[in-house]
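Dear colleague,

I am handing over the structure below, and after it you will find some notes on what was found. Please read them with the sequence and the structure side by side.

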Amino acid sequence: IRDSLSIDNQGCVWSFGTSYSRQCGDVPLVEQEYENEDHPKYTETPCLVSGLTNIIFIGTGYVHSVCIDIRGAVYTFGCNELGQCGLLHVGEDRTSLRKIEELKNIVSVSCGDDYFICIDDKGAVFSFGSAEFSIEPVSDVKFVSVACEADMMAFLSDDGYVYTCGDNDYGQLGIGKECEGTCTPTLNPFLSNVIQVACSNRHT
């Protein structure tokens with residue numbers, strides 16, 4: 001929510017914007033009161049997030065952030081109230097940078113508002129955070145990347161097909177309006193030879 005992360009050509013991560021739950025990392029913050037907000041804390045200029053090197057991919061949720069380094073290790077920081085930072089101590093609303101030791105060889109990650117999903121080099125899918133849409137496994141399909149938004153997610157398979165799951169109130173799954181929603185990644189029958197997928201705010 002009003003925060004951004006960026007990666008430079010050295011694999012360092014810079015953050016800027018609001019940092020209610022340390023989603024910008026442990027960086028210097030200033031505080032200012034607005035009429036309808038309770039003392040938001042933010043960075044005035046991009047700040048280097050300490051403890052991160054060789055980062056190749058980043059993702060941000062509502063108040064949490066996830067990074068992958070060149071070795072496929074995963075680092076998270078921010079709010080873990082629903083487990084969206086992948087940490088066991090659920091309920092913490094502000095967490096510093098942590099490495100998730102259980103995750104290895106991760107090749108793709110994406111964040112929804114209060115969850116994140118990642119995929120390893122064998123195509124295994126891991127999810128953390130809100131259990132509103134728990135993902136059911138799909139056999140005989142290898143996923144290579146994922147894109148998430150608040151209520152749905154899209155997966156790209158190694159043979160160029162798109163699978164979607166979650167809420168479909170506005171047709172954002174792309175599989176026909178007769179499907180109200182599903183927890184199983186479902187093949188989109190209209191797409192093939194896809195090389196990238198993205199989604200945001202009820203569209204894909």
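Before the aromatic residues are described, a definition is needed: rings of Phe, Tyr and Trp, the last through its six-membered ring, count as a pair if their centres lie within 6.5 Å, and planes over 60 degrees apart make such a pair edge-to-face. Please keep in mind that this is a predicted model.

By that definition, the structure holds three aromatic pairs. In one of them, the ring centres of Phe 143 and Tyr 163 are 5.4 Å apart and the planes stand at 75 degrees, so this pair is edge-to-face. The two residues are 20 residues apart and the pair links distant parts of the chain, with Phe 143 in strand β12 (residues 143-148) and Tyr 163 in strand β14 (residues 162-167). Both Phe 143 and Tyr 163 are buried, and together with Phe 155 they form one aromatic cluster.

A second topic is a sheet. It is an open sheet formed by three strands, which follow one another in the order β9-β10-β11 with antiparallel pairing. Its edge strands, each of which pairs on one side only, are β9 (106-111) and β11 (125-129). On average, and with direction ignored, neighbouring strands of this sheet are turned by 15 degrees against each other. Strand β9 is joined to strand β10 (residues 115-120) by five bridges, and the two run antiparallel; as for Ile 106, its bridge partner in β10 is Asp 120.

With kind regards

Note on methods. Residues numbered from 1 in each chain as written. Predicted model: local features only at pLDDT ≥ 70, side-chain atom pairs only at ≥ 80, totals over all residues. Heavy atoms only, no water. Phe/Tyr/Trp six-rings, centres within 6.5 Å; stacked < 30°, edge-to-face > 60°. Helix = DSSP H or I, 4+ residues; strand = E, 2+ residues; numbered from the N terminus. Buried < 20%, exposed > 50% of the residue type's maximum accessible area, 1.4 Å probe, protein only. Pairing = 2+ DSSP bridges. Axes fitted to C-alpha atoms, helices over the stretch in contact; angles between N-to-C directions.
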